[in-house]
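Please examine the structure below together with its sequence. The briefing that follows groups its points by topic.

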Amino acid sequence: MEVDQLVPLPRLPRVAVCGGTHGNELSGVYLVRELLKAEKKVMEKEESPSLLMVLSNPRAMQQCRRYIDTDLNRCFTKANLNGPLSDAAPYEIIRSRELNAKLGPKGSPEAVDLVCDLHNTTANMGLCFIAYSDVDWICLHIFRHLQRQMPDIPLRYIHFDFSCEESYSLDSVGKHGFAMEIGPQPHGVVRSNIYTAMKVGVQHMLDWVRSFNSGTIFEGGFVDVFTMIKHIDYPRDRETHNITAAIHPQLQDRDFCLLHPEDPLFQTFSGETVRYKGKEPLYPFFINECAYYEKGIALTLARKTRVMIPAIRVQTEQEQQAHQQEFASEEEE
């Protein structure tokens with residue numbers, strides 16, 4: 001492989017691992033606590049990045065609740081981070097500004113290089129990366145590395161296409177970022193197998209960052225990407241807005257299994273089957289996620305595509321300086 005075929009990318013000297021963004025998703029809470037205990041050993045490793053371990057929503061963690069006033073993982077928009085702040089501001093809005101000051105500011109050269117935000121889902125999704133880009137070669141290469149290192153665990157890369165909207169989650173504060181979502185695990189509970197999968201995933205991520213920073217060349221290849229298309233709500237009563245059906249037994253726990261038109265989708269509480277009326281087969285995920293009842297989401301549908309990712313290497317010092325100058329020029333414009 002010739003060097004000029006490689007894509008040079010900036011080093012990743014500062015990495016943040018966050019847990020407890022949702023206070024009742026306990027794998028990330030306990031893993032970050034363990035990482036904080038082992039911080040000295042982690043930092044002593046050769047070529048180790050500067051690692052920030054963050055417990056994102058301490059008040060919600062104390063009460064084992066998803067949030068106190070509002071969903072913290074929807075608070076990282078420019079309006080919330082930079083707009084006027086009243087005395088009656090929700091706790092999570094205040095906390096999002098504290099986290100933005102610690103890890104960002106969002107969109108600035110001072111932001112941490114990579115944010116990995118740890119989450120659990122009650123859905124049967126295995127280990128998923130959730131990211132806003134399908135062309136972020138850093139996130140895609142990390143994901144591909146985990147696929148190779150963790151062959152016994154189902155891994156998927158989910159792309160939330162927000163090209164026309166602003167990203168709102170904690171991982172968007174970093175220059176690169178993704179949520180590591182692992183399930184199934186009930187909220188307010190920690191399961192050893194789910195916790196272990198998350199721990200191993202984070203370890204492999206940090207190993208990849210160390211290898212990248214030390215000059216390892218990572219060859220290109222293909223990654224399957226699930227791009228979010230739409231959400232589907234439960235059937236509801238027109239007057240009370242109460243749900244009138246549950247996920248159909250044939251669909252429950254079958255995240256990422258192709259859903260075809262006319263396949264069973266819901267089963268009403270009176271026993272009738274409601275079928276999928278979409279025009280194309282799509283991949284369901286977050287099926288019957290507990291936390292999404294309040295958001296009006298029974299499941300999300302995605303389209304699968306295969307993305308070619310290039311070979312990458314770390315930039316030289318000269319390339320890094322040129323990149324920083326280019327970034328500064330873009331900021332001035």
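In this predicted model, H176, F178, M180 and I182 point one way from strand 7, while G177, A179, E181 and G183 point the other way. All of these residues are buried. In a regular strand the side chains alternate between the two faces of the sheet.

**Strand 7 and its partners**
- Strand 7 comprises residues 176-183, and eight of its eight residues are buried, so the strand is largely enclosed by the rest of the structure.
- Strand 4 (residues 114-120) pairs with strand 7 in the parallel sense, over seven bridges.
- Within this pairing, N120 has I182 of strand 7 as its bridge partner.
- Strand 5 (residues 126-131) runs antiparallel to strand 7 and is joined to strand 7 by five bridges.
- Here G126 has G183 of strand 7 as its bridge partner.

- Three strands form an open sheet in the order 9-10-11, with antiparallel pairing.
- Strand 9 (245-247) and strand 11 (273-275) stand at the edges with a single partner strand each, so one side of each has no neighbour in the sheet.
- From one strand to the next, the twist averages 35 degrees.
- Strand 9 and strand 10 (residues 264-268) run antiparallel and are joined by three bridges.
- A246 stands opposite Q267 in strand 10.

**Helix 1**
- Helix 1 (residues 26-37) has twelve residues and reaches 17 Å from its first C-alpha to its last, close to the 16 Å expected at 1.5 Å a residue.
- The buried residues in helix 1 include L26, S27, G28, V29, L31, V32 and L35.
- An α-helix has 3.6 residues a turn, so residues three or four places apart point the same way.

Methods: Residues are numbered from 1 along each chain as its sequence is written. This is a predicted model: local features need pLDDT of at least 70, side-chain atom pairs count only at pLDDT 80 or more; totals for chains, interfaces and linings use all residues. Side-chain values use heavy atoms; hydrogens and water are left out. Two strands pair if DSSP finds at least two bridges between them. Helices (H or I, at least four residues) and strands (E, at least two) are DSSP runs, numbered from the N terminus. Axes are lines fitted to C-alpha atoms, for helices over the stretch in contact, and angles run from 0 to 180 degrees between N-to-C directions. The expected span of a helix is 1.5 Å times one less than its number of residues. Buried means under 20% relative accessible area, exposed over 50%, partly exposed in between (1.4 Å probe, protein chains only).
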